[in-house]
Amino acid sequence: MALRRFHQHASATKIVFCTVKSFSSAAEAIPKSRHKIKRKALQIDDSHKKRFQAISEKIGINSDTELTAWYRIRAADIRNTPDGTAFFKLFGNSTLKMLESMVPHHAWLPWMFRSNVRLFWESKENQKRFLDWLKETFNLSSHQDLAKIPTKEIERYGGRPLLRKYKSSIQVAIDSVYGASESAGRPTERSKYTTVDQRRQALQELEEQLGIEKKEDWYSV
């Protein structure tokens with residue numbers, strides 16, 4: 001009797017094992033996709049525009065005339081609006097991506113945002129983009145002249161994260177981004193401005209070039 005029960009139990013176990021093995025074999029036979037499914041680009045329609053308009057009004061921004069006010073808005077400010085969290089997710093929780101999608105006619109400057117730009121500075125291409133823009137903004141003749149700009153001004157224009165990456169030295173940033181060839185054949189800015197008098201003279205030259213007559217004029221550069 002006991003022997004018969006043993007054989008029945010063994011047979012049932014064998015059936016279950018074979019069934020599981022069959023399912024495993026079938027699952028392995030299903031071809032796996034080698035490529036990840038790409039998400040379709042979000043198509044902006046009137047409903048998105050209305051939602052963006054509502055969020056802008058809740059934050060206190062006129063989306064048509066106060067565009068630069070978005071630079072001081074944090075991600076939390078957007079999420080704290082009634083529809084903010086769900087809407088923000090559509091753009092990967094990125095303020096820049098949201099604004100580039102909703103206000104594509106405006107040239108947004110990533111370095112001017114107060115949030116969502118940490119990964120931006122990891123790219124040398126983005127670092128160069130900022131320094132090129134800074135050179136054009138200050139109407140400088142060469143990239144080496146960027147070293148003449150006071151640190152506080154570079155930070156005011158959104159360059160604080162860049163300076164942090166290069167030990168608060170704009171010259172080190174210049175050499176890293178543009179390479180040694182940019183400084184070949186001439187002394188570096190660091191060696192040219194080693195004394196207080198030399199730095200003061202360089203600043204005066206920059207003020208004359210930009211038409212700065214008093215300290216307050218720096219805020220309008």
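1. In what follows, buried means under 20% relative accessible area, exposed over 50%, and partly exposed in between, with a 1.4 Å probe and protein chains only; helices are DSSP runs (H or I, at least four residues), numbered from the N terminus.

2. The model is predicted, so local features need pLDDT of at least 70 and side-chain atom pairs count only at pLDDT 80 or more, while totals for chains, interfaces and linings use all residues. Residues are numbered from 1 along each chain as its sequence is written, and side-chain values use heavy atoms, with hydrogens and water left out.

3. The pLDDT, which is the predictor's confidence in each residue from 0 to 100, averages 78 over the protein, and 67% of the residues score at least 70. Confidence is lowest in helix H1 (residues 2-29), with a mean of 48, and highest in H4, at 96.

4. Helix H2 (residues 46-59) has 14 residues and should span 20 Å at 1.5 Å a residue, a value with which the 20 Å between its end C-alpha atoms agrees; the expected span is 1.5 Å times one less than the number of residues.

5. In H2, the buried residues are His-48, Phe-52, Ile-55 and Ser-56. They lie on the same side of H2, because they cover an arc of only 100 degrees around the axis, taken from the directions from the helix axis to the C-beta atoms. Their cover includes helix H3 (75-79), helix H4 (84-89) and helix H5 (95-102).

6. Exposed residues Asp-46, Lys-50, Glu-57 and Lys-58 are carried on the face of H2 turned away from its buried side.

Technical notes
Helix = DSSP H or I, 4+ residues; strand = E, 2+ residues; numbered from the N terminus. Contact = heavy atoms within 4.5 Å.
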